[in-house]
Amino acid sequence: MDNQPQKSNDFAASAGKRRPKYVQVSELLIREIKAGHWREGERLPVEAELAVELNVAVGTLRKALTLLETDGLLERRQGSGTYVKKPPKTAAYQLFRLELLTGGGIPHANTLSVSLEKNPEVAVHFGVPKSTSFWRIERKRFLNDTPIAAEEMWIRGAHASTLSADELDESLYRHYREHFGFWISHVEDRIRVCNATPWAAGILDAVEGKPLGWIERISWSDQDKVEEYSRTWFDTDVCHYVSRMA
């Protein structure tokens with residue numbers, strides 16, 4: 001079964017379990033609150049302004065706000081506005097650090113392929129024997145409709161006997177929690193500039209060798225165990241890495 005990619009070229013089919021737009025917007029707002037963009041007790045921008053900022057319809061934004069209000073994260077005060085009631089404990093994209101140069105952007109991913117492979121270099125990051133098999137997940141990342149990054153992620157092969165692009169939730173962290181029984185508690189990112197590999201260049205429609213931003217991430221579970229290793233090439237012409245601290 002090693003080295004047998006399961007590929008899909010159809011965007012709708014390969015995007016995994018795509019969430020409705022208003023849910024994507026709610027998750028983006030959660031990510032911004034979690035990152036400290038808006039703090040507890042702070043008022044959000046008025047709906048018309050926020051909709052323009054997020055590039056979504058006002059109706060979509062209102063459904064997202066209603067969802068967060070139902071979850072107890074926001075409070076609507078008549079005649080005053082919408083306020084952050086309490087910061088979320090978790091967020092689907094709270095550890096996603098790429099934003100458009102023009103600001104923000106709703107993240108989503110197209111899963112290109114999934115394959116079971118052995119990679120001695122990757123095994124070192126997990127602290128396991130070099131003969132260990134891992135699921136390698138290739139994805140193309142977007143902010144709104146703009147392609148921004150080529151991403152390869154590695155997780156332990158023991159988590160699933162079979163795995164395909166179609167069954168993966170586009171929020172992999174959510175998939176880990178719901179199907180593999182762990183959640184990502186903290187990560188370490190190492191960032192530098194790297195020349196585009198043929199693989200990354202092909203995904204981003206870039207010239208091979210073009211300087212790109214490069215993120216190497218090691219992710220630990222709630223049991224303080226390395227559960228994911230990833231490498232991401234991102235196009236600095238359209239996005240940048242942003243880290244906010246609260």
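1. Let's start with a helix pair. Helix α3 (residues 47-54) packs against helix α4 (residues 58-70) at an angle of about 105°, and their axes are 9 Å apart. Angles from 65 to 115 degrees count as roughly perpendicular, so that is the label α3 and α4 get relative to each other. The residues that meet are Glu 47, Leu 50, Ala 51 and Leu 54 on the α3 side, with Val 58, Leu 61, Arg 62 and Leu 65 on the α4 side. Keep in mind throughout that this is a predicted model.

2. Now the overall picture. The protein has seven helices and eleven strands. It runs to 246 residues, and 51% of them count as buried. Take the contacts between residues at least 6 apart in sequence: 66% of these join residues at least 24 apart.

3. Helix α6 is worth a look. Which of its residues are buried? They are Leu 172, Tyr 173, Arg 174, His 175, Tyr 176 and Phe 180. Note that an arginine, Arg 174, and a histidine, His 175, are in that buried set. The buried residues of α6 pack against helix α2 (21-34) and against several strands, namely β6, β7 (146-156), β8 (184-195), β9 (211-221) and β10 (226-234). Just past the end of α6, Gly 181 has a positive phi of about 80°.

4. The model has five aromatic pairs. One of them is Tyr 176 with Phe 180, a stacked pair at 6.1 Å centre to centre with 20° between the planes. Why stacked? Planes under 30 degrees apart count as stacked, and this pair is at 20°. The two residues sit four apart in α6 (residues 172-180), which is about one turn of the helix. Both Tyr 176 and Phe 180 are buried.

5. Two arginines sit over rings. Arg 77 lies over the face of Tyr 83, at 3.9 Å from the ring centre. For Arg 136, the charged end is placed over the ring of Trp 199, 5.5 Å from its centre.

6. Strand β10 is among the partners of α6's buried residues, and Thr 232 is in that strand. Is Thr 232 buried or exposed? Its relative accessibility is 7%, so Thr 232 counts as buried, the cut-off being under 20%. What does Thr 232 touch, once neighbours within four places in sequence are left aside? The contacts are Ala 149, Ala 150 and Glu 151, plus Gly 213, Trp 214 and Ile 215.

7. Strand β6 (residues 133-143) holds Phe 142. With a relative accessibility of 9%, Phe 142 is buried too. Leu 98 is 44 residues from Phe 142 in sequence, yet the C-alpha to C-alpha distance is 9.7 Å.

8. Last, the cysteines. How many disulfides does the model have? The count is zero; a disulfide would need a pair of cysteine sulfur atoms within 2.5 Å. Cys 194 has a relative accessible area of 17%, so it is buried. Cys 239 has a relative accessible area of 1%, and that makes it buried as well.

How values were computed. Residues numbered from 1 in each chain as written. Predicted model: local features only at pLDDT ≥ 70, side-chain atom pairs only at ≥ 80, totals over all residues. Heavy atoms only, no water. Buried < 20%, exposed > 50% of the residue type's maximum accessible area, 1.4 Å probe, protein only. Phe/Tyr/Trp six-rings, centres within 6.5 Å; stacked < 30°, edge-to-face > 60°. Lys NZ or Arg CZ within 6 Å of the ring centre and 35° of its normal. Axes fitted to C-alpha atoms, helices over the stretch in contact; angles between N-to-C directions. Parallel < 35°, antiparallel > 145°, perpendicular 65-115°, else oblique. Contact = heavy atoms within 4.5 Å.
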